[in-house]
Amino acid sequence: MEVLFLLLPLSIVLVVVIVAVFLWAVNHDQFDDLEGPAHRILMDDDSPDSAD
Amino acid sequence: MNKISSQPPGTDQFDVYDHPVLQQQFSKPYSSHSGSESSIAGVAGEDNFMSALLQVDNIKCAGCCGKVEKMVNAIDGVQNAELNYTTHQLQLSWDTSCTQISSIMRQIGTAGYPAHPVQTGLTSSILEQSKKQLIRQFGVAGAFGMQIMVLSVSLYAGNWWGIEPVYELFFRYLSLVLVIPVLLYSAQPFYVNAVNDLRHGRIGMDVPIALGLSIAFCASIVAVFNGVGETYFDSIAMFVLLVLGARLVELGNRIKATAVLGQYDSVLPPSAIQISETQNHQRVPTMILKPGDNVFVDTGDTVPADGTVSEGASSLDESLLTGESVPVTRCNGDRVVAGSVNVENPLVVTVTQAGSGTLLSGIAQLVRKAQFEKPRVSQLVEKITSWFVLIVLSVASLVAISGYLNGAEQWLSATIAVLIVSCPCALALATPAATSMSMGNALKHGLLISNSRAVETLNQADHFFVDKTGTLTTGEFELQHINLTDSYERERAINIAVSLENYSSHPIAKALQKLEVTRTHDAQDLSTQAGGGISGIIDGNRYYLGNAKYIQEQAGFTLSATDRSNGTLAILADTTNIRCIFSLRDQIRPGAAHWIKTLKNKGASVTMLSGDQDSVVASVASELAITDYASACSPAEKMARVVSARNQGEITVMVGDGINDAPVIGAAHVSIAIGEKVNLSTANADIVIMNPQTIPALAHLLSLSSQLTRVIRQNLFWALGYNAIAIPFAAAGLVPPWLAAIGMSLSSLVVVLNATRLGQWKSPAFEAIARSKAHHQIFKPANLDSPVTEL
């Protein structure tokens, strides 16, 4: 089970990467509107001209 | 807004708020005498009092609220300061000759609570920023916490089935490394708040949390380095994660509540198109619009100020003010209100009220005022909370000392458990969360609550006094017959009647004003008697126009029995005889009968009060199955009835149209005004119904009130019950710290989520009546001219 000494620190590195990605997402407004996108995809935009 | 960023160089961030132009945006003159006289603008300006709304950061518990309030009130020159826990907004009034807003803000800031004035969009952006920060902290705690849990499960399993010491030690060290970012980053708010509290000699909700976390961390480090004893890394990570989760939900709720209120702030466009005398269109800031200006409102634009249409005709969406989403038609001469959206054709509007004088601004102020009046329960709870934290701290130290002296094995984990398991947050959030959600709900339904206590009281009401005209009926009269006596000329009768009523806004007057006149007379010496009629001199003759009682009292003529037809009568008399009888008919609002039935089923008594004559009132009463009614009441008689019911110990509710009933409305415990014609600043009502679907809105209000009471009761029961059970168990050492962490965060989450239900609450009554009403409207031809038949 000596491999644990390698794998567990690796998992920590992985967590740090996950956290970095998460913080990037928060800072780039990915969490600002958690409901809107779900509805928006259902709304057909019939007149492309009015999209602005 | 970009106006704020133009900060003069060489001043600090607070001094800039003393700048008169900027200050104008968030503060206004305030009368020190009494709230009711604040409408006299001139007086208000003279005594140098200003009031403003500040958003205060870093408030985490009801305890902090009281502290900040006390501190601000102690500042020299501050007249009154009230802090709302739910929105963290401070309503402040101060004497500009003693102190400046910058110095007040600076003092609040140095105490650890940064404050910013509330104005366009600022509140929501600050809340959004704290939400982002909270999400970051929550995410970090979650990611690292997961790793810690994996290691902890292995350690627990190792305890059970055996583990090689080298792996055990390795796992513990790894957990220690992983918990550090959680404590340093995610748990930061608890420490910051606890330190702020302690530095100012007070004890807030975060003190036991910070203390528990520190003790658990220190004990765990000792255990890791000594190789013996328990580690609590998993409990720390889980606790931080769960409490942050609960705060995230609560903050989300608060953002939603602020958004409902904020819609009144951010709805007005920053600029408007002004039409100069030379017919030039120029874009000017909305702020500088003044009465008399002409503004151009293009299709899709928002009306920037209250005014009247001077050119064009269009449909306007007034849903923000009334809750009614069907656009209303407005043409030349009609009133338009700031905040409504022009959906059809371009309009030219002559401004009658701009800036803080608009109806919209009045609504916003009323809504805010209501938010600052704390419900009775909430004031009590605030006191209990600060005592509660003290008790928790004493219990924890008792457990620690006695456990240590008796050599109990579990003393450390029991102490940590007590600190963590107790949940003052649930107690502190129980009422404010529920109240603010229900007010948001009410606003969505076009119900404007200016006194949040009223909603609480409404649920206990056992006697409803309801005005007939304009409340149970639409208040819009149709002329049915014109009955002339003594071969008086019809044309002349109409001319005189219309001239008398020309400037009156009474519903009967409005119906008469629709009549075609051949000639308008100049009426002199006009005198009106509320609930009676009007008299004036035209061409040297005195005329009286009013109900039967008024004519009898003033002119001295009695109607013959045959003239007392079924319907509302307006009788025109001169000094010699009765000349003409106008009979009018008033329509009963859809759903009124059903609503009255619901009230009676709930066990409340209903009394209908009306200034109308007996036959009309009786026919409406029988149609609505109201047995208790009074006809031909003057406002004073109406008031006497309400007061006598009140004296008999009944909780009274008065529903009236807010014009004739203003004094009566004030007499009841809860006053509800129908807002169609009400002037918001003078209406003395606790609740104003802006929704044109009056009866469904009333029904909704009642069920919302009982739902609010239920939710508050559930929340308090839960918070008190949870703490009463959890703390003794924790003190006895029966609750391991990880379980305490789950229990504490769940209990505040339960309270907040329970309150969230109120925001979405839909009363079956409202839905049902609204649907049937909508049906009605579709098939009802609009604006038919009333047929006038001559007898």
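## Interface of chains A and B

Buried area is the accessible area (1.4 Å probe) that two parts lose on being put together, summed over both. This is a predicted model, in which local features need pLDDT of at least 70 and side-chain atom pairs count only at pLDDT 80 or more, while totals for chains, interfaces and linings use all residues. Residues are numbered from 1 along each chain as its sequence is written, and side-chain values use heavy atoms, with hydrogens and water left out.

Chain A and chain B bury about 1,600 Å² between them, of which 78% lies on carbon and sulfur atoms. On the side of chain A that touches chain B there are 12 nonpolar (Ala, Val, Leu, Ile, Met, Phe, Trp, Tyr, Cys and Pro), two polar and three charged (Asp, Glu, Lys and Arg) residues, the others, Gly among them, counting as polar. The contact (heavy atoms within 4.5 Å) draws 17 residues from chain A and 15 residues from chain B.

## Salt bridges

In chain B, the side chains of B:Asp206 and B:Arg247 form a salt bridge at 2.7 Å, N to O. B:Asp206 belongs to helix α9 (residues 206-226) of chain B and B:Arg247 to helix α10 (residues 233-266) of chain B, so the pair ties together parts 41 residues apart in sequence; helices here are DSSP runs (H or I, at least four residues), numbered from the N terminus.

Note on methods: Chains lettered and ligands numbered in written order. Salt bridge = Lys/Arg side-chain N within 4 Å of Asp/Glu carboxyl O. Helix = DSSP H or I, 4+ residues; strand = E, 2+ residues; numbered from the N terminus.
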